[in-house]
Amino acid sequence: MAKTNGQSVRPPFAAGTFYPADKESLDALLDKLFSAAPPLAAKRARALIVPHAGYEYSGAVAARVFGQLRGQSYRRVFLLGSAHAAYFSGAALDDSSAWKTPFGQVNIDQIASAELNRQDKEVVFLRSAQAADHVLENQLPFLQKILDPTFQLVPILIGQTDEKTIGRLADTLDALLTGDDLLVVSSDLSHYPAYEDANQVDQRTLALIAALDEEGLLAHAAASEEKIAQEETAACGLAAIQVLIRLIQKKGWQSGKYFYANSGDIAGGDRGRVVGYGAMLWAEPEKADYTEAEKGQPRAELNDEEKNYLLALARQTLEKYLASGEVMEFAPERAKLKEPRGAFVTLHEDGRLRGCIGQIIPTGAPLWQVVRDMAIAAATEDNRFEPADVGELKKIDLEISVLSVPQAIADWRGIELGRHGVIVKKNGWPGGVFLPQVAQETGWTREEFLGELCEQKAGWPRDCYRDKNVTLEVFTAQVFGEKNQ
Ligand SMILES: [Zn+2]
């Protein structure tokens with residue numbers, strides 16, 4: 001885990017210049033901006049693009065989408081923008097413990113930040129780059145005002161990048177972001193063309209972003225900068241927007257409305273030289289809203305988002321637990337993560353087994369909790385190994401096997417090798433269990449598989465599976481890990 005200082009609070013940098021420094025004036029200004037931002041019938045927002053100029057310029061446009069977050073709560077807000085103050089390559093995280101604004105402090109999620117750093121060596125802790133940059137901070141008072149204030153922050157500033165960095169950052173965020181997270185991308189649009197030119201260029205920019213046409217967007221930005229008088233950039237957060245486009249393609253978030261104005265629309269604004277402001281919102285896709293729809297008919301398979309949620313949960317749990325002994329609580333929204341299911345957590349280090357413990361028969365505990373508890377058990381209670389320590393975690397990769405609810409099978413010949421795990425029970429008492437992968441790893445026949453289960457695992461006669469008092473229950477496992485995400 002990357003070293004974090006953990007104690008310092010980043011003081012406000014932009015207060016008093018980009019937005020009011022005293023709490024009352026800031027509160028009154030945001031009330032005014034939000035009162036002019038009527039709520040839409042939006043689904044739960046997952047990602048936004050918002051401008052970052054002084055609130056008197058771009059605040060009204062930003063409020064149009066921030067206003068859609070009323071009453072929502074998120075566990076984490078990822079802030080993503082392009083650095084405006086410091087020059088560095090890759091992307092910068094902040095190892096401060098919290099950010100402060102006139103509304104108070106918001107804690108940094110240091111676990112998520114460390115995970116970003118762990119996944120991608122070009123994403124580094126660079127507090128100096130974050131300290132004097134307004135781009136991300138300007139979004140924070142809006143969020144503090146409109147959201148349930150318990151969220152944690154993950155600020156990411158992009159520096160000099162290339163295609164690879166952008167692709168990797170999108171992949172890492174894809175794995176990390178869950179349904180409890182919000183992504184806020186901070187960017188202004190055209191810088192300094194005349195009013196009419198800005199309107200034309202920026203409307204096209206927004207349409208290309210809405211169409212997730214990254215290639216078209218890059219071509220349009222380059223052409224505008226070359227051909228439009230006074231146009232220095234079509235979007236100062238272009239790299240962050242590229243990351244967003246790739247993420248939306250992976251996540252399937254649904255695009256909503258977008259809003260536009262530029263500094264020439266402000267009373268007294270100079271129309272000869274303007275900056276453009278666009279705000280956009282993407283929401284949870286229709287199909288993901290299956291908490292209700294699936295109640296009667298749980299699907300066995302977890303989707304990618306649910307798998308990534310459990311992997312992130314297991315890693316965060318271990319980082320916290322091995323460092324402090326504290327067991328984290330989580331509140332996933334997805335119905336499937338709350339079903340009573342069995343699960344295994346397996347740790348590998350340099351390709352070698354480092355611990356594996358599981359709960360096969362559902363105890364009634366929700367799946368997320370089973371994964372959390374098995375992660376801790378696999379790291380600290382597998383008696384074949386010394387308990388893992390927090391420093392080792394960086395070298396350890398996690399694999400999770402989520403099990404279906406076991407079903408009795410009438411005839412042992414119905415067992416499918418490699419797909420079915422089997423529990424052998426006598427008079428209702430479990431004697432032993434094999435996971436589905438045992439058959440693949442050993443190459444046993446069905447008779448050998450069941451014979452070993454009876455003899456080696458249960459300590460019963462080798463042909464116990466033919467006994468009338470013995471029942472066999474089968475289950476399937478969905479196996480996924482950090483290595484193959
Ligand atoms: Zn900017």
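This is a predicted model: local features need pLDDT of at least 70, side-chain atom pairs count only at pLDDT 80 or more; totals for chains, interfaces and linings use all residues.
Residues are numbered from 1 along each chain as its sequence is written.

The secondary structure of the chain comprises 14 helices and 19 strands, where helices (H or I, at least four residues) and strands (E, at least two) are DSSP runs numbered from the N terminus. Along the principal axes, the C-alpha atoms occupy a box of roughly 90 × 40 × 40 Å. Of the 485 residues in the chain, 44% are buried, a residue being counted as buried if 20 or more other C-beta atoms, placed from the backbone, lie within 10 Å of its own. Among contacts (C-beta atoms, placed from the backbone, within 7 Å) between residues at least 6 apart in sequence, 80% join residues at least 24 apart.

The chain is divided into domain 1 (9-288), domain 2 (304-405) and domain 3 (407-477), with bounds that come from an automatic or database domain assignment. The C-alpha centres of domain 1 and domain 2 are 33 Å apart, and their contact takes eight residues from domain 1 and 12 residues from domain 2. On the side of domain 1 that touches domain 2, helix H3 (110-119) and helix H7 (163-176) are the elements that give two or more residues, the largest share, three residues, coming from H3.

An open sheet of four strands has the order E15-E18-E16-E17 with antiparallel pairing, two strands being paired if DSSP finds at least two bridges between them. Strand E15 (407-409) and strand E17 (429-434) form its edges, each pairing on one side only, and neighbouring strands are turned by 35° against each other on average, direction ignored. Within the sheet, strand E16 (residues 421-426) is joined to the antiparallel strand E18 (residues 470-475) by six bridges, and Lys 426 has Val 470 of E18 as its bridge partner. Helix H14 (residues 446-458) lies across E16 and E17 and runs at about 120° to E17, where axes are lines fitted to C-alpha atoms, for helices over the stretch in contact, and angles run from 0 to 180 degrees between N-to-C directions.

The buried residues of H8 are Ala 198, Val 201, Asp 202, Thr 205, Leu 206, Leu 208 and Ile 209. Seen down the axis of H8, these residues fall within an arc of 160° and therefore line one face of the helix, the arc being that of the directions from the helix axis to the C-beta atoms. H8 is followed by Leu 212, whose phi is positive, near 55°.

Notes: A residue is buried if 20 or more other C-beta atoms lie within 10 Å of its own, exposed if 12 or fewer, and partly exposed in between; C-beta atoms are placed from the backbone. Two residues are in contact if their C-beta atoms, placed from the backbone, lie within 7 Å.
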